[in-house]
Amino acid sequence: MSKLTLGSYPHMLGFEQLERLLERSAKSGNEGYPPYNIEQTSDHSYRITLAVAGFGEADLAITVEDRQLVIRGRQSDDSDGRVFLHRGIAARQFQRMFVLADGVEVGEAVMENGLLHVDLTRARPETVVQTINIKKG
């Protein structure tokens with residue numbers, strides 16, 4: 001089976017970076033923890049909501065690395081002296097990555113009732129019409 005690449009389409013020039021982004025997002029894994037929602041809040045804005053019950057603001061880190069939004073969580077071990085008969089609340093670290101398109105900017109992040117909300121906005125692209133003069137050779 002041959003691999004279909006964007007280079008197979010000669011009329012699509014300069015899309016190599018898009019192909020690399022698609023490969024990177026496919027490799028990032030499909031782990032289900034923590035669960036999250038992505039909602040469109042307007043024509044040019046989005047909100048990512050992660051269920052991070054048990055994590056405080058100090059346990060979370062949000063960074064943008066190479067056009068990827070990276071959300072990491074690590075809880076401190078506060079079980080000293082406590083004996084659990086059952087421990088069903090996840091206390092593990094996590095890392096969630098979201099690939100951002102050009103023009104998408106990360107806004108504010110808010111913790112509310114065990115949910116972490118991260119707002120994103122996409123700049124409206126300007127329509128550019130350019131006329132190229134043809135010179136005699």
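Which residue lies over the face of Phe-84? Arg-87 does, at 4.4 Å from the ring centre.

The model is predicted, so local features need pLDDT of at least 70 and side-chain atom pairs pLDDT 80 or more, while totals for chains, interfaces and linings use all residues. Residues are numbered from 1 along each chain as its sequence is written, and side-chain values use heavy atoms, without hydrogens and water.

**View 1. Charges over rings.** A charge counts as over a ring if NZ of Lys or CZ of Arg is within 6 Å of the ring centre and within 35 degrees of the ring normal. Besides Arg-87 over Phe-84, Arg-92 places its charged end over the ring of Tyr-33, 4.0 Å from the centre.

**View 2. The pair Tyr-36 and Phe-98.** The whole structure holds 3 aromatic pairs. One of them is Tyr-36 with Phe-98, edge-to-face, at 5.2 Å centre to centre and 85 degrees between the planes. Rings of Phe, Tyr and Trp (its six-membered ring) pair if their centres lie within 6.5 Å; planes under 30 degrees apart are stacked, over 60 edge-to-face, and the rest tilted. Tyr-36 belongs to strand β1 and Phe-98 to strand β5, so the pair ties together parts 62 residues apart in sequence. Strands are DSSP runs (E, at least two residues), numbered from the N terminus. Tyr-36 is partly exposed at 35% relative accessible area, and Phe-98 is buried at 9% (buried is under 20%, exposed over 50%, partly exposed in between; 1.4 Å probe, protein chains only).

**View 3. The cluster of Tyr-33, Phe-55 and Phe-94.** These three residues form one aromatic cluster. Both Phe-55 and Phe-94 are buried.

Definitions and conventions:
Helix = DSSP H or I, 4+ residues; strand = E, 2+ residues; numbered from the N terminus.
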